Every structure is written in structure tokens, then in C-alpha cells.
Amino acid sequence: MNAPQALAVAAEGGIIGDGRTGANLALGVGLIGLATGWAALMRITGRISIGNARTGALSAMGAGVAGMVLAVLHLATSSGGPGTGNGLVGAIAAVPLGLVSVVLGRRALTLSRHTGPATGHSTTEHSTHEHTAEPH
């Protein structure tokens, strides 16, 4: 099974389960991306001191894109309309959730580049101080 076939199977709900499974999978991946993006932003502001903000931001962006792709695949392969039990409404909700995850991840990535080290000080601030050696 190649990657496009695996994505199509995941969007359709996998081997077992009803039509909502694919939408629930897309929602779950989008929620994980949202939580990861939020945690990356909290790392940058100093409210969380564990982990790497850049890695969290990239993970949030990846999870957001994966959630959106799964949701769009589910929307493309689902039959019927809203209220038929095929997970169409869940897939529709997963698309903006994935988009918010990508935006949060991008914001955290941008802020992590501007803040420099984890202490919150700019790298230019450290380089402007002159260190003079005192004579012995």
C-alpha cells in the first residue's frame, strides 16, 4: 500500500469502523496540532520551561497540515450530506482546526526566531556587551 492509498483508507475511516472514524481521526490530529502549537507559544513566553519551542512549532504545523489533508480527503470521499452519520460535519470542522494549528505553529516559529535563546533575551543584546579583560 503506498502513501496516497493509505491516506485514502484513513480518510474513509480505515478498515473497520463507520464513516465517522476518518473525520474523528482528522479532528484528533487537528486537536493535537492545536495543543502543540499552544504549548510552543507558552514555551516562548516562558510559562513552560520544558521542551524546544521550534520543535513544537514545527510539530504543530505538521499536525495541522496532516489534519487538513485527512479532512479534505474525507470530505472528497464521503457520500451523503450533513446528518447522515458519515462524519461530514466533523471533517468540515477539522479543516479550520488544522488551519489554526498551522497558524499557531507559524506564529511560534516566527517568535522563536526573534527571541533567541530560551532565556527570552535577544541574541543581539548579548553581543553588544563588551567584555574587557582586566590587567593582572
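Helices here are DSSP runs of H or I with at least four residues, numbered from the N terminus. By that rule the protein reads α-α-α-α-α along its sequence. That makes five helices and zero strands. The model is predicted.

Start with confidence. The mean pLDDT of the protein is 75. Of its residues, 68% reach 70 or more. Residues 118-131 are another matter: their pLDDT is below 50. Beyond near neighbours in sequence, this stretch has eight contacts in the model. Where pLDDT is low, the predicted coordinates should not be read in detail.

Next, the chain's contacts with itself.

Now the surface. The protein has 136 residues, and 29% of them count as buried.

Finally, zoom in on one residue. Leu73 sits in helix α3, which spans residues 53-77. Is Leu73 buried or partly exposed? Its relative accessible area is 25%. Buried means under 20%, and exposed means over 50%. Leu73 falls between these cut-offs, so it counts as partly exposed. Ala91 gives a reference point in space. Leu73 and Ala91 are 18 residues apart in sequence. From C-alpha to C-alpha, Leu73 and Ala91 are 8.9 Å apart.

Conventions
Residues are numbered from 1 along each chain as its sequence is written. This is a predicted model: local features need pLDDT of at least 70, side-chain atom pairs count only at pLDDT 80 or more; totals for chains, interfaces and linings use all residues. Side-chain values use heavy atoms; hydrogens and water are left out. Helices (H or I, at least four residues) and strands (E, at least two) are DSSP runs, numbered from the N terminus. Buried means under 20% relative accessible area, exposed over 50%, partly exposed in between (1.4 Å probe, protein chains only). pLDDT is the predictor's confidence in each residue, from 0 to 100. Contact means heavy atoms within 4.5 Å.
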